[in-house]
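Open the model in your viewer and keep the sequence panel beside it. The stops below go from a whole chain to a single residue, and then to the places where parts meet.

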Amino acid sequence: MNIHEYQAKEILSNYDIPVPRGRVCLTADQVERAAKMMGGHCVVKAQIYAGGRGKAGGVKVVHHPEQAQDLAKELFSRKLVTPQTGPEGLRVRRILVEEAVEIAREFYLSITLDRATSRYCLIASAEGGVEIEEVAQKSPEKIHVLNIDPLTGLRSYQARKIALALGLTGSLCEDCVALILSLYRACLDKDCSLVEINPLVVTRAGWLMAMDAKMSFDDNAIYRHREYPDMVDYSQLDALEITAGKYDLAYIKLDGTIGCLVNGAGLAMATLDVLNECGGKPANFLDVGGGATREKVAEAFKIILQDPDVKGIFVNIFGGIMRCDVIAQGIIEAANEVHCPLPIVVRMDGSQVDEGKKLLKASGLNVQCADNLGDGAQRIVKMLG
Amino acid sequence: MSILLNKDSKVLVQGITGRSGLFHARMCREYGTQIVAGVTPGKGGVHVEGIPVFNTVEEAVRYTQANVSMIFVPPPSAADAILEAAAAGLELAVCITEGIPVRDMVPVKRILADHKMRLIGPNCPGLITPEESKVGIMPGYIHKKGKIGVVSRSGTLTYEAVKQLTDAGLGQSTCVGIGGDPIIGLNFIDCLKLFNDDPKTEAVFMIGEIGGSAEEDAAEWVKAQMKKPVAAFIAGVTAPPGRRMGHAGAIVTGGKGKAADKIATLRDCGVIVADSPTRMGEAMRAALGKGKG
């Protein structure tokens with residue numbers, strides 16, 4: 001789960017990490033008033049669930065409240081396309097107006113999980129602000145990585161080594177030690193899968209400050225943070241993806257015409273691979289979960305049919321312990337409820353597969369049963385001509 | 001022979017009084033697994049389906065000599081359940097539970113380094129030694145006793161692969177679903193090592209997916225150490241980059257973890273990679289014909 005920059009900064013600020021004074025706005029008028037409060041000279045930042053905003057015109061320094069208002073009007077009226085949003089871009093519904101801060105130096109600082117060591121790792125670089133991935137590729141010696149032992153936690157001496165490696169000295173170095181320890185505490189308390197400050201700056205006045213912040217939470221840990229569901233900005237998500245989330249289905253819209261309904265993420269990916277191989281274009285990725293139930297299959301079916309691009313449906317369920325006749329029943333009920341006229345190919349495996357096929361054949365739907373994965377993919381591609 | 005699990009394994013089920021715990025305990029027993037005990041804190045003393053339930057793993061081990069645990073405990077208590085199994089001196093824990101927070105698993109992984117217990121999962125289908133014992137949620141009927149070791153990060157895609165192997169007349173020694181979470185117990189290399197040392201395993205089929213670098217690491221290990229033929233399939237060749245695919249493991253980041261890179265590395269290391277998920281059985285046959293490259 002992702003949150004906006006302003007929300008991340010609010011959390012960091014609660015952990016005594018300094019952030020610029022700012023105000024989040026929902027209208028251009030609010031932006032104008034906020035800019036006035038900052039004295040006119042301020043930074044206007046579009047809030048979207050993606051990075052790369054600066055180069056796409058989503059972050060700008062303005063000098064007058066009217067200029068801030070005009071910029072806000074423009075940002076609210078269009079979609080922002082950055083290298084991380086995909087070509088369709090994201091709508092801007094919230095704008096953060098912040099005081100303009102004079103910057104002396106910029107750093108990169110983040111904590112994320114290192115899968116290779118199964119530990120959280122702290123990543124720091126004196127080359128902040130720029131594309132950190134580029135730095136990591138071209139000059140890896142400029143990136144400092146510290147794997148944190150969960151039993152000892154992050155210790156001050158370790159944080160100090162990082163702060164010194166960034167070139168900080170004296171009281172600034174000690175401020176940075178405190179900041180790094182706070183960041184680790186926030187990461188654990190909030191169950192972050194990523195917390196990133198880029199750039200972390202030393203201001204002209206000589207303070208450390210988090211100029212930008214990104215935070216995402218571990219989806220598995222949302223249950224123990226009651227405030228998280230209310231922090232979601234639904235304007236940043238696809239409508240069908242939201243509905244799918246409600247039923248605990250993993251759905252991702254793609255740009256083809258074949259709706260896919262599969263149980264298990266790995267099998268779902270393999271299904272997309274086979275369809276592409278046969279010359280078909282999948283309209284979505286949809287995983288109803290390994291143990292497909294009748295209810296989930298029915299809901300998934302309805303979600304796929306809401307997508308106007310879908311011209312045919314491929315159901316691939318390796319039922320295993322789930323009985324195929326029960327799954328067939330779910331498909332028939334859902335298809336009848338929404339009056340599905342589209343061609344459907346069903347590939348099922350598991351117990352009671354023959355009973356399942358019989359039910360589908362007798363259902364009156366435009367449905368074909370496939371013998372295996374390859375056969376199913378070929379059939380649906382052929383049916384769509 | 002087999003790895004990790006055989007007909008003599010004595011299995012206890014943590015979370016046996018829950019709906020899935022009980023259902024799968026029954027399914028495993030029907031398959032032939034020796035289910036000797038259940039553990040649910042607060043419910044010690046009762047019997048479910050004729051299986052005695054204990055309050056703690058330690059107690060269950062003392063009375064039943066169980067050496068393997070199958071864990072169905074819900075996410076908030078699952079990390080604790082794994083550590084309890086390790087502390088009780090079990091040899092193997094198979095954690096089926098899906099949705100354990102990463103923050104809970106980081107210390108578990110660190111503490112397990114000091115224990116002899118091996119962990120499979122979490123968020124996995126479990127493991128099966130066909131026609132002997134099953135500790136997991138996979139359908140037993142698709143498996144057939146034989147000489148192919150199977151190791152996979154996926155769930156239902158493993159069933160697909162096993163079915164193709166069985167249809168191609170290739171039985172399995174043991175099939176291990178290692179799970180798709182960012183932090184798991186045994187990884188590809190751990191399982192490859194076990195299969196390499198198992199006299200009855202003649203070849204290995206490996207199922208990977210996009211995200212992370214576990215498949216690349218395994219490929220390097222195969223090249224350097226593996227004495228037996230290996231075939232593989234990697235799911236997600238056509239997955240759009242940078243998008244989340246439901247599995248925590250299935251994230252393509254910063255140019256790393258792409259299916260094409262994984263496939264290239266595996267092939268460079270002598271692994272036969274199926275070019276389609278419909279030809280996994282054929283790939284295994286090809287690898288057997290070619291022998292250790």
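Select chain A: of its contacts with a separation of 6 or more, 70% are between residues 24 or more positions apart. Two residues are in contact if their C-beta atoms, placed from the backbone, lie within 7 Å. This is a predicted model, in which local features need pLDDT of at least 70 and side-chain atom pairs count only at pLDDT 80 or more, while totals for chains, interfaces and linings use all residues. Residues are numbered from 1 along each chain as its sequence is written, and chains are lettered from A and ligands numbered from 1 in the order in which they are written.

Stay on chain A and colour by secondary structure to see 13 helices and 18 strands; helices (H or I, at least four residues) and strands (E, at least two) are DSSP runs, numbered from the N terminus. Along the principal axes, the C-alpha atoms of chain A fill a box of roughly 80 × 50 × 40 Å. Of the 385 residues in chain A, 45% are buried. A residue is buried if 20 or more other C-beta atoms lie within 10 Å of its own, exposed if 12 or fewer, and partly exposed in between.

Next, select Ala8(A), in helix 1 (residues 5-14) of chain A. Ala8(A) counts as buried because it has 25 C-beta neighbours inside 10 Å. Beyond four places in sequence, Ala8(A) is in contact with Ile3(A), Ala213(A), Lys214(A) and Met215(A). Ser216(A) is 208 residues from Ala8(A) in sequence, yet their C-alpha atoms are 8.7 Å apart.

Now show both chains. How many residues does each chain give to the contact? Chain B gives 41 and chain A gives 40. On the chain B side, helix 4 (102-112) and helix 5 (156-167) each give two or more residues, and helix 4 gives the most, with 6. The model scores ipTM 0.90 and pTM 0.92.

The contact takes 9 residues from domain 1 of chain B and 7 residues from domain 2 of chain B. Helix 4 of chain B gives the most to the domain 1 side, with 5 residues.

Finally, colour chain B by pLDDT, the predictor's confidence in each residue, from 0 to 100. The mean for chain B is 91, but pLDDT stays under 50 over residues 243-254 of chain B.
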